[in-house]
Amino acid sequence: MHTQLRENLDRVRGMIAEAAQASGRVADDVCLIGVTKYVDIDTTKALYELGCHDLGESRPQQLWAKSEAMAHLSPRWHMIGHLQRNKTKRTIPLLSVLHAGDSVRLLQAAHADWPHADPLPTLLEVNISGDAAKHGFPPAEIPPALRQIAALNHLKIVGLMGMASLEGGRDQAQKDFAALRELRDQLRSDCPDEILLDELSMGMSHDFDLAIREGATMVRVGSSLFEGFDGGH
Ligand SMILES: *Cc1c(COP(=O)(O)O)cnc(C)c1O
């Protein structure tokens with residue numbers, strides 16, 4: 001199992017390096033977040049031990065369980081899925097990065113529940129595809145909210161997060177990623193000083209190479225890392 005996992009990780013890292021080079025960057029400019037929502041604690045540990053120290057979960061309960069089981073390893077936990085406000089108190093203190101900053105009310109709850117001195121790096125999730133089933137700010141709702149968000153000083157807004165449309169394949173995905181980058185560039189020109197928008201969290205197993213070409217600094221990859229075994233389920 002570890003051999004397979006190592007091969008998968010090497011392959012994904014190779015693709016990241018290639019796409020980074022194609023966009024005039026190096027592999028280290030792109031953070032690989034290993035999305036472990038499909039696999040059990042042992043497989044998550046194995047991935048960590050192979051050197052993938054940034055781990056993403058989309059369900060708070062799984063993040064709690066793995067964070068407890070891996071406390072001695074201290075991975076960097078990324079919350080990539082929608083967080084209900086009744087779960088922030090237990091989840092927010094465990095995080096290294098909150099990707100799913102999808103409403104002002106959630107950001108306010110995260111601000112209130114962050115117990116550490118340094119602010120929590122946080123991304124604003126944007127519903128770039130306009131898909132009604134997706135979470136995230138509609139692009140037009142971000143500018144009027146920025147001042148209110150900037151005042152939440154327990155959070156450090158570092159960038160934007162988005163997902164490609166479900167329909168339309170890789171061509172549409174690339175357009176969605178370009179749109180997120182363009183939105184970021186637009187917002188940057190008129191943004192409170194407290195808000196930085198250097199990070200773009202975009203790209204998953206089927207499209208992370210395209211996302212990197214469009215400027216992604218963080219890619220969230222799950223299934224490609226776990227191809228070839230069931231991960232203990
Ligand atoms: C599951 C998930 C991923 C990883 O998806 P794969 O296609 O398995 O790589 C990335 N981002 C989010 C928000 C997810 O929920």
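**Note on a predicted single-chain model**

1. Start inside the fold. Leu-32 is buried, at 6% relative accessible area. Buried means under 20% relative accessible area, exposed means over 50%, and partly exposed lies in between, with a 1.4 Å probe and protein chains only. Leu-32 sits in strand β1. Helices (H or I, at least four residues) and strands (E, at least two) are DSSP runs, numbered from the N terminus.

2. What does Leu-32 touch, leaving aside neighbours within four places in sequence? Leu-32 is in contact with Leu-9, Val-12, Arg-13, Ile-16, Cys-52, Asp-54, Val-219 and Val-221. Contact means heavy atoms within 4.5 Å. Leu-55 is 23 residues from Leu-32 along the chain, and their C-alpha atoms are separated by 8.5 Å.

3. Some ground rules. This is a predicted model: local features need pLDDT of at least 70, side-chain atom pairs count only at pLDDT 80 or more, and totals for chains, interfaces and linings use all residues. Residues are numbered from 1 along each chain as its sequence is written, and side-chain values use heavy atoms, with hydrogens and water left out.

4. Now the whole chain. Its secondary structure comes to 8 helices and 8 strands. The radius of gyration is 17 Å, close to the 17 Å that the globule rule gives for 233 residues, so the chain is as compact as a globular protein of that length. That radius is taken over C-alpha atoms, and the rule is 2.2 Å times the number of residues to the power 0.38. Along the principal axes, the C-alpha atoms fill a box of roughly 50 × 40 × 30 Å.

5. Of the 233 residues in the chain, 53% are buried. Among contacts with a separation of 6 or more, 59% join residues 24 or more positions apart.

6. Then the surface and the charges. The chain exposes about 10900 Å², and carbon and sulfur atoms supply 48% of that area. Accessible areas come from the Shrake-Rupley method with a 1.4 Å probe; for residues, only the protein chains shown count as cover. The chain has 24 positive and 32 negative charges, and their mean positions are 3 Å apart. Lys and Arg count as positive, Asp and Glu as negative; His and the chain ends are not counted. Each charge is placed at NZ of Lys, CZ of Arg, CG of Asp or CD of Glu.

7. UniProt, in an unreviewed entry, lists residues 43-226 as "domain: Alanine racemase N-terminal". Its positions are given in the numbering used here, feature names are shortened, and annotations may be inferred rather than shown by experiment. In the model, the end C-alpha atoms of residues 43-226 lie 9 Å apart. The span is 34% helix and 19% strand.

8. The record also marks a lysine. The unreviewed UniProt entry annotates Lys-37 as "modified residue: N6-(pyridoxal phosphate)lysine". Where is Lys-37 placed? Lys-37 is in the loop between β1 (31-35) and α2 (41-49). Its relative accessibility is 30%, so Lys-37 counts as partly exposed. Not counting residues up to four places away in sequence, Lys-37 touches Gly-56, Glu-57, Ser-58 and Gln-62.

9. Look at helix α3, residues 60-69. Its buried residues are Pro-60, Leu-63, Trp-64, Lys-66 and Ser-67. Against which elements do the buried residues of α3 pack? They pack against α2, β2 (54-57), β3 (76-79) and α4 (88-91).

10. Ser-74 deserves a check. Ser-74 lies in the loop between α3 and β3. Its phi is near 40°, a positive value in a residue other than glycine. Most residues other than glycine have a negative phi. Ser-74 counts as exposed, because its relative accessibility is 55%.

11. Another loop holds Ser-165, between β6 (155-162) and α7 (169-188). Leaving aside neighbours within four places in sequence, Ser-165 is in contact with Ser-129, Lys-134, Gln-172 and Asp-176. Ser-165 and Asn-127 are 38 residues apart in sequence and 9.4 Å apart in space, C-alpha to C-alpha.

12. Two last positions. Ala-178 lies in helix α7. Ala-178 is buried, with a relative accessible area of 14%. The C-alpha atoms of Ala-178 and Ala-211 are separated by 8.1 Å, and the two are 33 residues apart along the chain. Asn-86 lies in the loop between β3 and α4. At 65% relative accessibility, Asn-86 counts as exposed. Asn-86 and Leu-187 are 101 residues apart in sequence and 30 Å apart in space, C-alpha to C-alpha.
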